[in-house]
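Here is a friendly briefing to read alongside the model. Please keep the sequence and the 3D view open as you go.

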Amino acid sequence: MPTFDDSSVAGSLVAGFPVDVVPVPPDADVLASSATDVEGVPLRQVTLNLSSPGTVQEVLDFYTTSMTAAGFAALPGSVPGGLSGQVAFNRATPDGATETLSVGVLDTTDARLVTISGQVLPPA
């Protein structure tokens, strides 16, 4: 059986995942997550993949509300090829770094597949 880096896990949130910044929507199933410190900066590279029964707009609204409440600002963007919806966020840290997160949603027949990826401060 193959071994995997302990900074990622399938089916749950990996230890050290910043759930206060990147929460999981109600009724969503976590497919995989990762959290790795970025060398040379006080940020952590994170990825969250999940499946949600909510509509594309409900998922985007959930993350817009959550991330805006956490101090992020939504950036203007477009829907890249293959995705049903996307929104990007950023915020400045007290030490001048910039945290960034991107939320992409693919609409399938019976669920929305969601990927959140970016760099944020590690949980305190």
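**Strand, loop and salt bridges**

Leu-31 sits in strand β2 (residues 29-37); helices (H or I, at least four residues) and strands (E, at least two) are DSSP runs, numbered from the N terminus. This is a predicted model, where local features need pLDDT of at least 70, side-chain atom pairs count only at pLDDT 80 or more, and totals for chains, interfaces and linings use all residues. Residues are numbered from 1 along each chain as its sequence is written, and side-chain values use heavy atoms, leaving out hydrogens and water.

- Leu-31 is partly exposed at 41% relative accessible area (buried means under 20%, exposed over 50%, partly exposed in between, with a 1.4 Å probe and protein chains only).

**Around Thr-93**
- Thr-93 lies in the loop between β5 (85-92) and β6 (98-107), and is buried, with a relative accessible area of 6%.
- Leaving aside neighbours within four places in sequence, Thr-93 is in contact (heavy atoms within 4.5 Å) with Glu-99 and Leu-121.

**Salt bridges**
- The count comes to three salt bridges (a side-chain nitrogen of Lys or Arg within 4 Å of a carboxyl oxygen of Asp or Glu).
- Arg-91 pairs with Glu-99 at 2.4 Å, N to O; Arg-91 is buried at 18% relative accessibility, and Glu-99 is buried at 1%.
- Arg-44 and Asp-37 meet at 2.8 Å, N to O, and Arg-44 is buried at 14%.
- Asp-107 bridges to Arg-112, with the closest N and O atoms 2.8 Å apart; Asp-107 is partly exposed at 42%, whereas Arg-112 is buried at 10%.
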